[in-house]
Amino acid sequence: MDTPVSESADGREILESVVIRFAGDSGDGMQLAGTQFTQATAVAGNDLATFPDFPAEIRAPAGTTFGVSGFQIHFASHDVLTPGDAPDVLVAMNPAALKVNIADVPRGGLIIINTGAFNKANLKKAGYDRDPLEDDTLAPYRVLKIDISKLTTAAVKPFNLGSKAALRTKNLWTLGLLYWMFDRDRSPTVEWLRTKFAKKPDVAEANIAALNAGHIYGETAEMPQGVGTYKVPKAVLPPGTYRNVTGNEALAWGLAAGGRLAGLPVLFGSYPITPASSVLHALAKLKHFGVTTFQAEDEIAAVCSAVGASFGGSLGATSTSGPGMALKGEAIGLAIITELPLVIFDIQRAGPSTGMPTKTEQSDLFQAIWGRNGDAPLCVLAPATPGECFHYSIQAVRLATTYMTPVIVLSDGFIANGAAPWKVPDFDELPRFEVKFHQDTEGFHPYKRDPQTLARVWAKPGTPGLEHRIGGLEKHYDSGNISYDPDNHHKMTKVRAQKIQNIAQDLPEQTVDLGPDTGDLAVVSWGSTYGSVNQAVSRARAEGRKVSHIHVRQMWPLPRNLKALLSRFEKILVPELNNGQLVRVLRAEYLVPAEPLDKIAGQPFKVAEVLDGIRAHLDT
Amino acid sequence: MTPLDPPADKKLTRKDFVSDQEVRWCPGCGDYAILAAIQRALPDMGVTREKTVFISGIGCSSRFPYYMNTYGFHTIHGRAPALATGLKLANPELDVWIITGDGDGLSIGGNHLMHILRRNVDVQLMLFNNRIYGLTKGQYSPTSLLGQRSPSTPMGSLDSPINPTLFALGAGARFVARGIDTSTKTLGVVLSEARKHKGASFVEILQNCPVFNDGTWEGVTAKQVASDTQMWVEHGKPLLFGKDKNKGLRVLAGGRGVEVVTVGEGGVPESEVTVHDETNRPLAFLLAQLQVPQMPMAFGVLYRDPAPVSYGDAVAAQNAQAIEKNGEGDINALLRSGHTWTVK
């Protein structure tokens, strides 16, 4: 929490920015509390970024450290690019939540503790030999100890829910307290509860009672010294309509919008996988947008159904994460050699193999660009924020249909689940790119190409006179028939590669996100690390360092001016959440002295980590 | 939806379905006969070339689409059913035929075969069963007999074979039939029936591989034994076989098995022979299991019990229902659904 700059009219301390982390057991409803706080904060006019961090277990054993679920929100009166390095406020619903998170809280930070969960059994499960409330563990912090369990149970007693169900509303009680503390309007949450539990009005009202009780507690109880009420003034944002959006929602909506702009129905074939499943869930609700969803029997069938749909004249699309990408490789190769449009969302997670499914990572870049048998080029895009996912999803549809190629959109667990305010675009202002199917029977063969783009014609089954056969065998450039001719294979391989390279001419040049286009150091990032890297470069520049930030969104083909741009910097540092992938691509493609800055922890970069990396790299 | 086009100006002939590609199977391969059978049968089914699609995976049989002058997609190993499902959802008007083999369909693609059958996607599946891997030069397949010697099983295969027709029934297929490569006339009839069926139709075709597994079906298909080893079933007719139709099949009490009975002189009256009922699923299971030499093998349409709707129709109905309920989707409204706020 920043040092208070002043006091508001109603006696609240005014702060520029705050980071809150809700932490509790998997069953404590911390994701729900975080999401509701996010909505209330957005409506209050702050800019914000969130980071939900939860275990893979659906219901991990209660009270254990590996069952701790967290939700961090950073909100401010200025631009917010990251969910924050360290929480100013930690809500710890049980001993395990305290144990796991306390090290991240800076000295003087506020810790709100539910003492009701600090019993012998829970302390033991969290690995505490002694009760941290009794010794000096909490000495460096401001601490608010409340028996939330007991107060919640009392508050919802009139609803006769039963003790377990009553206790379950303690996340709302806690939320009520924080709403009081940060001056949030309760009514959207009340409204949301009444809608969610429309069929169980008792449960809705009990939750509302808990929310109100937490708020009233704040208003009436005497607070320890150093605990007050705060106000974060509205952020100055460009005018327009805003909403919160997660990356996966934005991808789904972008695909529906892309189908509209292309004038094509969409067939979305997918197989559930963390953290991509919510794309399928979102699209399954959009049947009235010309989207057909198909939950296939496996990852391979999912992508194959999409390829089959594209052959039939629909836009075939699929979503997955790393392990599913590995399974889809052969079918993506089929779409490459048959030159059919295909949109693939890869929501990356920590690997290899099953890895850490709920944790974020950027380690599928190689797999996306090169992970197939044979020389199998395609286009790879990487949005930087949840909001950008919408536009890159549309872009993927445009490029896939214009160039008759698979396009991979690389997102990750952080973008997929994290929310940020998004200025909603006007769909009517987006350029259309209507697909025209080939109709002319004169001299037709399926591999006739557009001389400009090199894309082959798209002839839809059902069209009389254009009957043709395609498949995974190499085809002759001039006839589309099977060919084992050595020179022809060489030529076709080059043509497929050139077609993808042509896409670079169709996309904007790489720009510098922060700083001039020349200097001592270019920090080159991609994907979800945008916020932390941008902040780190900003601070390094404030220290007087000649550093610029270049954020790549077009992973393959690389932006046409990127080589020239990088050559204007003395040094190049590439921060990535992997063991060095983009850095190797840049070195291989451009022979530039790019150096890695890696973090492979299943967690996003902290600004400080990137800043330290910049300093270290410049000072060596 | 099965398209029934109005008859074109002139009736199509076999030649109209022959592509300009040179057929490249080994001389004597059973695939030639199957190709001829379908090219002959299609004109009588009243189909158009442009609405017909052949989709295959990988294997000798999977070259099939290149030889058909229709739309075609030669895909990847085992995955033809998955591609066909997407194609059929994208364009329900198309008449989709899947060509697969015992390796493609039951080994690498067994999962997809199971799911397209249980979902009841409106396609025709032709599984060429030669009980061997041909294209990779003679390894044993999932339908190879126990003890089959092959380059990968020099001392004999240890795997129990799978019965494709039984597999299809088990997976929930609602049209299951069996034919023989060289019996082109009856095969044409079976394929025509398969196409009429709304939903997934499965046809196992016994096929000879003259190079790697020559004569594997000789005990069933050889002329001199055929009348005793092949029982062609017909709905509503008694299950008879033998040169003079003097043998019959009788289901034992309680359906616990079947027995072969002599019909007529010295045997039982024809009325005691079980009458074939295509809609009787337990009977279909009994028929599918019959193996020579103990029993005749059953051919023709063993099971046919169409569901009220095919998968594609059900999907289309749900899509239509969503439009009816919500109206045509409005992207701007979608983007503004839920909590929004305005910055001035």
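The dialogue below treats helix pairs, then a sheet, then the contact between the chains.

Me: What should I know about the model and its numbering?
Reply: This is a predicted model, in which local features need pLDDT of at least 70 and side-chain atom pairs count only at pLDDT 80 or more, while totals for chains, interfaces and linings use all residues. Residues are numbered from 1 along each chain as its sequence is written, and chains are lettered from A and ligands numbered from 1 in the order in which they are written.

Me: At what angle do H9(A) and H14(A) pack?
Reply: Helices (H or I, at least four residues) and strands (E, at least two) are DSSP runs, numbered from the N terminus. Axes are lines fitted to C-alpha atoms, for helices over the stretch in contact, with angles from 0 to 180 degrees between N-to-C directions. Here helix H9 (residues 247-262) and helix H14 (residues 386-403) of chain A pack at about 35°, their axes 7 Å apart. Residues are in contact if their C-beta atoms, placed from the backbone, lie within 7 Å. Among the residues that meet are A:Trp253 and A:Leu255 in H9(A) and A:Phe390 and A:Ile394 in H14(A).

Me: How are H9(A) and H10(A) oriented to each other?
Reply: Angles under 35 degrees count as roughly parallel, over 145 as roughly antiparallel, 65 to 115 as roughly perpendicular and the rest as oblique. The axes of H9(A) and helix H10 (residues 277-284) of chain A come within 8 Å and cross at roughly 45°; the two helices are therefore oblique. On the H9(A) side the contact includes A:Leu251 and A:Ala252, and on the H10(A) side A:Val279 and A:Leu283.

Me: In what order do the strands of the open sheet in chain B run?
Reply: Two strands pair if DSSP finds at least two bridges between them. The 3 strands of this sheet follow the order S8-S9-S10, with antiparallel pairing. Strands S8 (240-241) and S10 (258-262) of chain B are at the edges with a single partner strand each, so one side of each has no neighbour in the sheet. Strand S9 (residues 247-251) of chain B pairs with S10(B) over 5 bridges, and B:Lys247 stands opposite B:Thr262.

Me: How many residues does each chain give to the contact?
Reply: Chain A gives 59 residues and chain B 51. H11(A) supplies the largest share of the chain A side, 9 residues. Strand pairing also links the chains: S10(A) and strand S12 (residues 341-343) of chain B are antiparallel over 3 bridges, with A:Thr241 partnered by B:Thr342.

Technical notes: Two residues are in contact if their C-beta atoms, placed from the backbone, lie within 7 Å.
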